[in-house]
Amino acid sequence: MSNAKSPFEDLAARNAAALAGGGPARVERQHQAGKLTARERIARLLDPESFVELGRFVTTRATDFGMQDQRVPGDGVITGYGTVDGRRVFVFAQDFTVFGGSLGAAHAQKIVRIMDHALRVGAPVIGLNDSGGARIQEGVESLGGYADIFLKNTLASGVVPQLSCVMGPCAGGAVYSPAITDFIFMVEKTSYMFITGPDVIRAVTHEEVTKEELGGAAAHAAKSGVCHFTAPDDEACIALVREVLGFLPANNAEDPPRRPSTDPVDRDAAGLEALIPRESQRPYDMRRVIEAAVDDGHLFEVQAAFAQNIIVGFARIGGRPVGIVGNQPVMLAGVLDIDASVKAARFVRFCDCFNIPLVVWVDVPGFLPGVDQEHRGIIAHGAKLLYAFSEATVPKLTVITRKAYGGAYDVMNSKHIRADVNLAFPGAEIAVMGPEAAVNVVYRAQIEAASEPEKARADFVADYKARFASPYRAAELGFVDEVIEPKDVRRRLGQYLELLRTKRDRNPSRKHGNIPL
């Protein structure tokens with residue numbers, strides 16, 4: 001009697017080998033490190049029973065360095081598709097229990113094929129990264145595999161949403177794939193990203209730094225701005241991914257998903273009159289203003305720990321997703337600086353890629369002055385935000401809550417750069433500079449010659465505000481469409497979003513523009 005397995009027994013054995021990953025001991029080490037396995041992550045990301053795995057039996061091509069004896073099915077990455085809240089997504093999850101999640105040629109090919117599928121059917125791609133880097137045993141083929149992925153990330157950019165979860169190590173060339181994608185999520189204490197690690201830095205520059213200090217979630221969320229979201233553990237990170245997907249369309253040809261809302265779109269935005277001080281120098285929290293106007297007071301902030309003088313994030317108005325950009329007066333008085341400009345420009349361009357209307361909240365005294373800012377290129381970096389708003393063709397609404405001075409008025413989605421609707425509150429000041437500074441320049445001689453200089457200065461300031469800084473002057477010129485009471489802002493935004501629902505706008509035919517990178 002033959003001892004050969006039947007085809008069904010052989011299939012079952014191969015499936016069992018693939019599902020086992022690197023084996024019980026390595027799975028246990030993964031859990032002891034506070035990390036889920038690749039399959040556990042996929043199970044929590046996708047709707048139950050929705051995952052369809054592709055490429056389960058792909059194995060490494062390497063035959064040197066003992067690799068011929070380590071032909072683990074899947075080659076250290078799990079790929080396939082499923083649904084999140086009933087909507088299709090494609091996913092790859094690197095399996096750290098198999099070859100340390102290292103990337104070889106077959107591993108890379110599986111990821112590229114998933115991205116090809118996503119582009120063909122128009123669905124988001126989610127990468128769950130947990131990898132020791134390039135597989136040394138495969139040499140230049142590993143490097144070629146990374147480059148294949150980078151190219152596919154670039155071609156998919158602006159076509160389908162791409163989300164990267166860094167849930168373990170991500171070093172060297174591996175960092176460039178997440179960097180090209182739309183949003184990066186990191187897990188606190190268990191993930192890190194850097195091009196050169198602490199040992200190389202110590203040898204080259206003699207600086208002492210830990211992996212966490214150099215490239216941990218906190219460092220990239222607050223200092224570099226590379227990371228958009230952080231979470232305390234894998235499960236919380238995956239929950240954030242699911243929430244972000246709820247605001248996004250499947251691809252650039254669709255509108256973002258609208259949800260039923262129990263929050264009346266025509267309700268008053270109560271309390272805003274008391275929240276915004278009349279004195280232009282007094283701070284207030286723009287986040288609270290935004291929350292009063294959006295559905296259920298829910299603002300899902302992006303890059304919350306980075307460049308906190310500007311707010312970006314997602315919200316809904318009347319169930320419709322919108323992208324939020326707002327100056328934050330409680331941080332640096334809400335000025336625009338290099339980091340704020342880059343943060344907002346990237347977010348504006350993302351929203352424009354995926355048909356998400358923009359609602360911009362303005363209270364800006366100008367650009368941050370200083371030698372450091374000028375020498376680091378505030379001119380070019382500030383121009384990125386100007387370029388992003390100018391290029392965007394989605395519905396664009398602006399609310400000037402208090403002040404809009406100088407070039408920052410132009411940059412923050414003014415009427416002059418194709419904003420569709422600009423609203424202002426009655427106390428708004430729109431001018432070349434603040435009234436006090438303007439008076440000191442224009443009326444210096446008269447003030448110095450006056451018998452009561454301080455009284456003269458106060459009179460000139462009041463006159464300047466009435467004649468030049470009033471929202472009614474901008475409204476007379478057509479630069480502001482309506483001056484409204486703060487309580488009416490939610491109602492008005494809902495009306496204008498409905499009006500602009502069928503907006504069609506195009507930029508001149510070209511290969512692409514040349515944004516000042």
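Is Arg202 buried, partly exposed or exposed? Select Arg202 and show the surface: Arg202 is partly exposed, with a relative accessible area of 32%. (Buried means under 20% relative accessible area, exposed over 50%, and partly exposed in between, using a 1.4 Å probe and protein chains only.)

Before moving on, know that this is a predicted model, where local features need pLDDT of at least 70 and side-chain atom pairs count only at pLDDT 80 or more, while totals for chains, interfaces and linings use all residues. Residues are numbered from 1 along each chain as its sequence is written, and side-chain values use heavy atoms, with hydrogens and water left out.

**Stop 1: salt bridges**

Arg202 and Glu208 form a salt bridge, with their closest N and O atoms 3.0 Å apart. (That term means a side-chain nitrogen of Lys or Arg within 4 Å of a carboxyl oxygen of Asp or Glu.) Glu208 is exposed, at 61% relative accessible area.

Next, pick Arg320 and Glu498. Their salt bridge has its closest N and O atoms 3.1 Å apart. This pair links distant parts of the chain, 178 residues apart: Arg320 sits in strand E12 (residues 320-327) and Glu498 in helix H21. (Helices, H or I with at least four residues, and strands, E with at least two, are DSSP runs numbered from the N terminus.) Arg320 is buried at 10%, whereas Glu498 is partly exposed at 36%.

Curious how many salt bridges the whole structure has? A search finds 37.

**Stop 2: Asp488**

Now click on Asp488, in the loop between strand E17 (482-483) and helix H21 (489-499). Asp488 is buried, with a relative accessible area of 18%. Its side chain makes polar contacts with the side chains of Lys487 (3.2 Å) and Arg491 (2.7 Å). (A polar contact is a pair of N or O atoms within 3.5 Å; within protein, one must be able to donate a hydrogen and the other to accept it, and residues adjacent in sequence count only if both atoms are side-chain atoms.)

**Stop 3: the core**

Select Ile126, Phe185, Phe314, Val325 and Leu385. These have the most contacts inside the largest nonpolar core, which has 66 residues. (Such a core is a set of buried Ala, Val, Leu, Ile, Met, Phe, Trp, Tyr and Cys residues joined through side-chain atoms within 4.5 Å.) Colour helix H13 (residues 338-353) too: H13 gives the most to this core, with 7 residues. A second, separate core of 30 residues includes Leu275, Ala315, Ile317 and Val359.
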